[in-house]
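Work through the exercises below with the sequence and the coordinates open. Each task is followed by a solution in steps.

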Amino acid sequence: MFKKILIANRGEIAVRILRACRELGIESVAVFSEVDRKSLHVRLADQAYPIGPAPSRESYLRIDKLIDAAHRTGCDALHPGYGFLAENPALPRACSEAGITFIGPPAEAMEALGSKTAGRRLARRVEVPTVPGTNDPTGKSQALALAQSMGYPVLLKAVAGGGGKGMRLVDSDAEFASAFRDAASEAMNAFGDERLYLEKYLERPRHIEIQILADAHGRVVSLGERECSIQRRHQKVIEEAPSPVVTPELRKKMSEAAVRLARAGGYVNAGTMEFLVDQSLNFYFLEVNTRLQVEHPVTEQVTGLDLVKLQIAIAAGHRLPFAWEAITPRGHAMEVRLYAEDPENNFFPSPGKILSRHTPAGPGIRMDEGVYEGWTVPNDYDPLLGKLIAWGNSREETIARLRRALGEYAITGIRTNAGLFRRILEEPEFLRGEIHTRWLDELLRKLPAASSGTDAEDEVNSNKAREAAAIAAAVWQSRQNMPQPSAASSGREEPSRWTTEGRREQLDRTP
Ligand code: ADP
């Protein structure tokens, strides 16, 4: 087993990984940029090493500095977390040259599966259904011809894509040229790679993904699915396991597809095969995430497994001690992603000092956070504060616990999106599990105050967005003072919800 692991990340995931190290009796080394000197992961790690200024390209994205830090601190392994360099094959390569074990898949598997078009080609080869579209990067006129023959709407996507960047929905020939130009330039800015490919745009699909684990001895297991259909602009905000619509038969079919794909790509360690599922429960491969995912805790809660410890064990050459047939989800788990952002102001990031904070606890509640009271949320990174996870015997009990926990959660000094989750957890459709990937955007459009704006709005100048946000905020304020017929939504007497929400909002705002 390893003696010391360098954690090449920050925030809640760095904390998550160092906790696993501590339980395994392995020392952990945190790395930090200048602005992260006082961050929680630095405080909790056994050792911490500075790697440069705040911009991530000068610190968390510098392979040379990470390898140097690992050498200087005597680490024999490196965990990349998610984001930053986690899916960059140059990192496992640099690790292997430096004699450090990379806790993740081999570089070749990242290349075979991590690129979206390569993943699609491999999926076709092993007869895993993919969303109709191109398997290779495509030029504008070729893409236009295909869009016309497939029929609109279509989606232009960046080959190197991630986080919804470089993605454009196109409804007609007239929009095609400008959408292509915008997607390519956004992809260039985000990934340094402007290549695009094209997919048929599925109407109201569900996003359901399969978590797999593969050891270096040829065993590949599926840990079942996570439903991640609650998204804001194609970005997950709530995840749950199991999915309300997945039957044991469908789970088996999707798991077999995921395992086939992993084997074909020579995959080792933890990975996720993402699928879109249509209303008739046909599933289509979307992409592979060759790393640990933000939403891994929901799988941990329903399987009782510790994915980070298993990742470490696999990297150390251990065999997986179970077959996937042995794994059936127990109970239900749901996660919400808590961000320092302002739902009343178009979800703009809301960095700043955390003046006070109350974290929920009690039965069935887990909080994976990277913050503490008195700490300043920096402006330089993704504003994810942490994840609140609930589990229970049934979906209903889990939702009740999550709702209760969100009621206990309070943080002052910064704005958060917690109120949005309190709102979603009251929606009858959500409670019935009747959700799809556009469900939240449609809900937000109906709620002027918390509007995420339309995709087109995203591109208008910030003045217009600010104006809209100000009007929306005023509407929100006046709504809070109005009695709402909300009892119908959950079937309970609940005259005080808007009052409570109002009080909470005030509390959140008090400096
Ligand atoms: P990224 O890697 O940028 O996050 P993904 O390919 O994983 O992009 O897709 C993210 C989300 O975008 C999906 O969960 C889904 O909501 C939406 N999406 C992607 N492709 C399609 C498609 N062909 N049809 C409909 N929605 C899609």
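A polar contact is a pair of N or O atoms within 3.5 Å; within protein, one must be able to donate a hydrogen and the other to accept it, and residues adjacent in sequence count only if both atoms are side-chain atoms. The model is predicted: local features need pLDDT of at least 70, side-chain atom pairs count only at pLDDT 80 or more, and totals for chains, interfaces and linings use all residues. Residues are numbered from 1 along each chain as its sequence is written, and side-chain values use heavy atoms, with hydrogens and water left out.

**Exercise 1. Describe the polar contacts and the burial of the ligand.**

Step 1. Glu274 places a polar side-chain atom 3.2 Å from an oxygen atom of the ligand. For Lys157, a polar side-chain atom lies 2.9 Å from a ligand nitrogen atom. Gly164 takes part through its backbone, with a polar atom 2.6 Å from an oxygen atom of the ligand.

Step 2. The protein buries 96% of the 550 Å² that the ligand exposes when taken alone (accessible areas come from the Shrake-Rupley method with a 1.4 Å probe; for residues, only the protein chains shown count as cover).

**Exercise 2. Which elements give two or more residues to the shell around the ligand, and what is the make-up of the shell?**

Step 1. The elements are the strands β6 (154-158), β8 (196-200), β12 (269-277) and β13 (283-289). Helices (H or I, at least four residues) and strands (E, at least two) are DSSP runs, numbered from the N terminus.

Step 2. The ligand is surrounded by 20 residues, the closest being Lys116, Gly164, His207, Gln231 and Glu287 (a residue is near a molecule if one of its heavy atoms lies within 4 Å of it).

Step 3. By class, the shell holds seven nonpolar, seven polar and six charged residues. Ala, Val, Leu, Ile, Met, Phe, Trp, Tyr, Cys and Pro count as nonpolar, Asp, Glu, Lys and Arg as charged, and the others, Gly among them, as polar.

Step 4. The ligand lies between domain 2 (133-200) and domain 3 (206-456), because both give residues to its shell. The domain bounds come from an automatic or database domain assignment.

**Exercise 3. Locate the salt bridge between Glu295 and Lys236, and state whether its partners are buried or exposed.**

Step 1. A salt bridge is a side-chain nitrogen of Lys or Arg within 4 Å of a carboxyl oxygen of Asp or Glu. Glu295 and Lys236 meet this rule, at 2.8 Å from N to O.

Step 2. The two residues are 59 apart and link distant parts of the chain: Glu295 sits in the loop between β13 and α10 (296-303), and Lys236 in strand β11 (residues 235-241).

Step 3. Buried means under 20% relative accessible area, exposed over 50%, partly exposed in between (1.4 Å probe, protein chains only). Glu295, at 1%, is therefore buried, and so is Lys236, at 11%.

Step 4. Both also belong to a network of salt bridges that links Glu209, Arg226, Lys236, Glu239, Glu274, Glu295 and Arg337.
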